[in-house]
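Student: I've got a structure open and want a quick tour. Can you walk me through it?

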Amino acid sequence: MAVQIKSKAEIELMREAGRILAITHEELRKRVHPGMSTWDVNRIGEEIIRSFGCIPSFLNYNGYPASICVSINEEVVHGIPDRHRIIQEDDIVSLDAGVIYKGYHSDAARTLMMPAVSEEVRKLVEVTKQSFFEGIKQAVPGNRIGDISKAIQDYVEGFGYSVVRDLVGHGVGSKLHEDPEVPNFDTGKRGMKLRPGMTIAVEPMINLGTYEVFWEDDDWTVVTDDELPSAHYENTILITDGEPEILSRAPGIEL
Ligand code: MF3
Ligand code: CO
């Protein structure tokens, strides 16, 4: 389907979805701690989303059985919450969540660091977050999707990290996944021209070692081939006449 340019009214709904999602992530950041099961993370996240009268976008999406994707260490994305999976002191915990407000989606991910995360892995998490900001510096009208992709890749490869190839960012709006695809690496194509009113989810998934990944037997959990850690950071953004606007944010809350 063709890329949609959102109306003012649609953008307003996406802002509200994004604000609620940012608050959800902030609340999870405060409440997720070692000793907790990934199922409890999901339960708390879903409660927060529903407390705003919103629907968790991921629940039952293509059969995904939870509201929050919880992916630990070598798990890249789409980890399935599990009562028996307990968060450890030295884990990184990637949380990906989506909110539907009055029919409009926002999608965002954060990687949380438990207290005893090594310096090496801390750096991976910081660089992954910064790569999002490097990418969206290119998210201005007249540039192309591929300019975002290349900026992310150049930045992270400068640290010796690798960019996951098998999963990409995407348009977002009245559906969780819309056109265009937003790769985090140079595909050899410059991609679509960016225009004001486009809303996209930019979501670098960055590995400490190889970029190769595989799918676990649950058909969801994506894991690095070499079982080295991976970090994820994502926001929903709006292309404007100037700088992009991050929609999955809220006043006074850390991005
Ligand atoms: N947040 C993921 C994305 O960015 C979607 C999760 S798929 C789900 O595309 F099935 F887990 F919901
Ligand atoms: Co996404």
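This is a predicted model: local features need pLDDT of at least 70, side-chain atom pairs count only at pLDDT 80 or more; totals for chains, interfaces and linings use all residues.

Student: What about polar pairs? How far is the side chain of His177 from an oxygen atom of ligand 1?

Tutor: An N or O atom in the His177 side chain is 2.5 Å from a ligand 1 oxygen. Asp107 also has a polar side-chain atom, 2.9 Å from an oxygen atom of ligand 1. For Glu234, a side-chain N or O atom is 3.4 Å from an oxygen of ligand 1.

Student: And how much of the accessible area of ligand 1 does the protein cover?

Tutor: On its own, ligand 1 has 330 Å² of accessible area, and the protein covers 95% of that.

Student: Which pocket does ligand 1 take up?

Tutor: The largest pocket.

Student: New topic: His105. Where is it?

Tutor: His105 is in strand β5, which runs over residues 104–113.

Student: Buried or exposed?

Tutor: His105 counts as buried, because its relative accessibility is 8% and the cut-off for buried is under 20%.

Student: Which side chain does His105 have a polar contact with?

Tutor: Ser57. The two side chains are joined by a polar contact of 3.3 Å.

Student: Now Val222. Which strand is that in?

Tutor: Strand β12, residues 222–224. Val222 is buried, with a relative accessibility of 0%.

Student: How far is Val222 from Gly79 in space?

Tutor: Their C-alpha atoms are 7.1 Å apart, while the sequence separation is 143 residues.

Student: And Val32? Where does that sit?

Tutor: In the loop between α1 and α2. Val32 is buried, at 7% relative accessible area. Val32 and Leu112 are 80 residues apart in sequence, and their C-alpha atoms are 8.4 Å apart in space.

Student: Gly35 next. Which loop is it in?

Tutor: Gly35 lies in the loop between α1 (8–31) and α2 (38–51).

Student: Is Gly35 buried or exposed?

Tutor: Exposed. Gly35 has a relative accessible area of 51%, so it passes the cut-off of over 50%.

Student: How far apart are Gly35 and Gly188?

Tutor: In space, 44 Å from C-alpha to C-alpha. Along the sequence, Gly35 and Gly188 are 153 residues apart.

Student: Let's do backbone geometry. What is the peptide bond from Asp179 to Pro180, cis or trans?

Tutor: Cis, with omega near 0°. Pro180 is in strand β8, residues 178–182.

Student: Is Asn62 buried or exposed?

Tutor: Exposed, at 63% relative accessible area.

Student: And what about phi for Asn73?

Tutor: Near 55°, again a positive value in a non-glycine residue. Asn73 is in the loop between β2 and β3 (75–77).

Technical notes: Residues are numbered from 1 along each chain as its sequence is written. Chains are lettered from A and ligands numbered from 1 in the order in which they are written. Side-chain values use heavy atoms; hydrogens and water are left out. A polar contact is a pair of N or O atoms within 3.5 Å; within protein, one must be able to donate a hydrogen and the other to accept it, and residues adjacent in sequence count only if both atoms are side-chain atoms. Accessible areas come from the Shrake-Rupley method with a 1.4 Å probe; for residues, only the protein chains shown count as cover. On a 1 Å grid over the protein atoms alone, a cavity is a set of points where a 1.4 Å probe fits but cannot get out, and a pocket is an open set with protein on both sides within 12 Å along at least five of seven lines; lining residues have an atom within 4 Å of a point. A molecule sits in a cavity or pocket if more than half of its atoms lie within 2 Å of its grid points. Helices (H or I, at least four residues) and strands (E, at least two) are DSSP runs, numbered from the N terminus. Buried means under 20% relative accessible area, exposed over 50%, partly exposed in between (1.4 Å probe, protein chains only).
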